[in-house]
Amino acid sequence: MSVNQTVENVYLRQEASQITRKHFWRIIAMSAIVYALTALAEYLLTRLGDLLMADEVQSVISAASAYMNSERISSVEPMLAAWADLFLSPKFWGINLAFMILTGLLSSGLLLGYTTQLIDTGRGGMPKVLGVLGRMRYCLKGWGLGLWTGLKTILWLLPGLGLIILGAELQMYDLFELGNWVIIAGTVLMFALVIQALLRYSQATHIMADEPDRGIRECVTFSKGMMKNRKWQYFRLGVPVILRMTGVALAVGFAGEFILSLAGLEADLLAMQILQVIINISGIYFLLQLDVLYALFYIKQREPAADAPVSYWLQKPEEISVRPVSDWLAEHAVTDLPEKAAEEESPLPDTNDEKETPHEQPDC
Amino acid sequence: MSNLTVENVYTRHNAKQLTRQHFWKLLGMTLTVGAICVAIMAAGFALLFLATGGPWSSTAHNVAANGTIYAFLLGWIAVIIIAVLISSCLSLGLTSAMLELCRGDETVTVARVFCRMKYSLKSFGLSLWIALKVFLWALPVYAIIGFVGFGIAAAGDPANAQTIQSTAGFLLMILPLLAFILIFALLIPACFRYMLSAHVLADEPSTGIRACVSQSKAMMKGHKWQAFKLVVPLILIMYAILFGLTLVISLILSATGVSAVIVVISPLLSILSSVVSLYFSIRCSMCFCLFYLKRREEQNPSPADESAE
């Protein structure tokens, strides 16, 4: 990974942090709508399923309680028969399939709308909270894209899985050492191929959200082209944010445990649940920042639109090579970095991420 | 937007390039310094044991009568002082050599580590002065730790002292946390504040000890957090590599049926870990040398820069 990609990542993270702070409440409202609608749909469909399968569920409960009350082995068969009636019934499978399809469609449509709003925000626009519903008519296409990328990822899983199964077979034939080697190799291969595949197809959703008229396979192909030589950069992009999120969660967790122990509530279940909710809330800002960050990465890889405002950092940083340090020191003096251009052109508020005030710039 | 993070990226990149370019030279210098320090300590203690027979020798059964143990302690302190004197001036020479390599001087050799031997007393004095200043910054922490210890001793039974219902127990729970916070608030910034003193002395050995510390303070003003963030990625990468090495070797050994306990004492793992740690310590040192040069450039811009402005 070149140093230019590292610098690009630094600018992307700083810009994502600024955008998240500027539009925090709108972005959190959008994600809350997505989460709430999906959770509501799942709840309603689950309740509907329970109502439709009420008789079968009741017979299973009756058979189970009869078995527990009698504690006789002969009572097992009615219970097993009730379970079989439930899980093998076409009604059960139909309801579950309908649940998966309906929730999949809803969440895909909402995700496309949410991603579209993030991309528009990254391009300098204002996020519209109800814009998450703006791509619902492409929910079927979005769901299809999810299934297609999922299928391709599972195909990449197969070689490693095959080696693991082969290793297990070898162990059954008393070739333990060889089997161990093969299982280890298969596990490593599986992780390597699946992670590569996930990174390769990571931009497909953003492409479809940005240009919903593109076909599913076209989005996947385009994503593969965009991620060529960028997978490691993309992987490293979010690592500092994830580390910060983990650090904050740990700090909040330790502080909360300390306060609970001072108050004598360390064994109280409600207090622990409230602490868990607080820890989760402390990570929300970073999760939103990650969403914005990946949207900005997508924008950076596309050609900037002719009629869209371009942030100063969308210009490619100059290539550098190893040169004498004196040249490097002179070139990377404070006045040479693009901060001044940003202050003139960027509409974003000037916030300082550093903990201390930077040194004074020399007078020109 | 701040450019200090971007400066750190370029610093790490250039340090990596320079380390690779001059790896064998840097390795030779580092191993020379380390070997000499270890040899001096080993020789000193060997002589001490030969001369005094050690504090537990069979002739020392009457300690007060023959004073063997006192002679051993004095000799031990003398060996430590000599070792610190020599190691501090060798470190100064090593830092000076690294600075010259960073400036593009290709004529630097391993023998450069001995170029600052005549400043051994000054470098030792600088180390003591910095240690004293850091100790003074750490006094509140020591006071709190002492108070906690006194509180536990005065309370008698430690279990009783830590009951939450008592005020003393409450304080004894709060104070260690306060000490922990003060370490990060006072002690670590103090260490970073005086970090460049050795570089100043290595670069300009005629500078006085207090002037070195003052210059370091001035250079690090507004850059302590940047200096901390400069090497954090390198440390994380080093630990990731060490973890990976341990995992791979233990997987290999477990796949071949060797007990995992052997991994801990495996000489191969020890050697690999030492090599990795040495490489990253050299890279971190080069990062700090480049960092020093950048701070120096800002404080004293070159005449070419001034005429261009």
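This is a predicted model: local features need pLDDT of at least 70, side-chain atom pairs count only at pLDDT 80 or more; totals for chains, interfaces and linings use all residues.
The largest pocket has a volume of about 2,000 Å³. Its lining consists of 43 residues, and those closest to the pocket centre are R13(A), P240(A) and R244(A) together with V232(B) and P233(B). Several helices of chain A, namely α1 (3-22), α10 (231-237), α11 (239-263) and α13 (284-301), each supply at least two residues of this lining, as do α1 (4-21) and α11 (224-255) of chain B. The largest contribution to the lining comes from α11(B), with 9 residues. By residue class, the lining of the largest pocket divides into 21 nonpolar, 12 charged and 10 polar residues.

The cysteines were examined next. A disulfide is a covalent bond between the sulfur atoms of two cysteines. Over all chains, the count of disulfides comes to 0, the cut-off for a pair of cysteine sulfur atoms being within 2.5 Å. For C89(B), the nearest cysteine sulfur belongs to C37(B) and is 8.5 Å away, and C89(B) is in no disulfide. The relative accessibility of C89(B) is 1%, so this residue counts as buried, the limit for that class being under 20%. C289(B) is likewise in no disulfide; the nearest cysteine sulfur, that of C102(B), lies 5.0 Å away. C289(B) has a relative accessible area of 1% and is therefore buried.

Conventions
Residues are numbered from 1 along each chain as its sequence is written. Chains are lettered from A and ligands numbered from 1 in the order in which they are written. Side-chain values use heavy atoms; hydrogens and water are left out. On a 1 Å grid over the protein atoms alone, a cavity is a set of points where a 1.4 Å probe fits but cannot get out, and a pocket is an open set with protein on both sides within 12 Å along at least five of seven lines; lining residues have an atom within 4 Å of a point. Grid points are joined across faces, edges and corners, and a volume is the space filled by probe spheres set on the points. Helices (H or I, at least four residues) and strands (E, at least two) are DSSP runs, numbered from the N terminus. Ala, Val, Leu, Ile, Met, Phe, Trp, Tyr, Cys and Pro count as nonpolar, Asp, Glu, Lys and Arg as charged, and the others, Gly among them, as polar. Buried means under 20% relative accessible area, exposed over 50%, partly exposed in between (1.4 Å probe, protein chains only).
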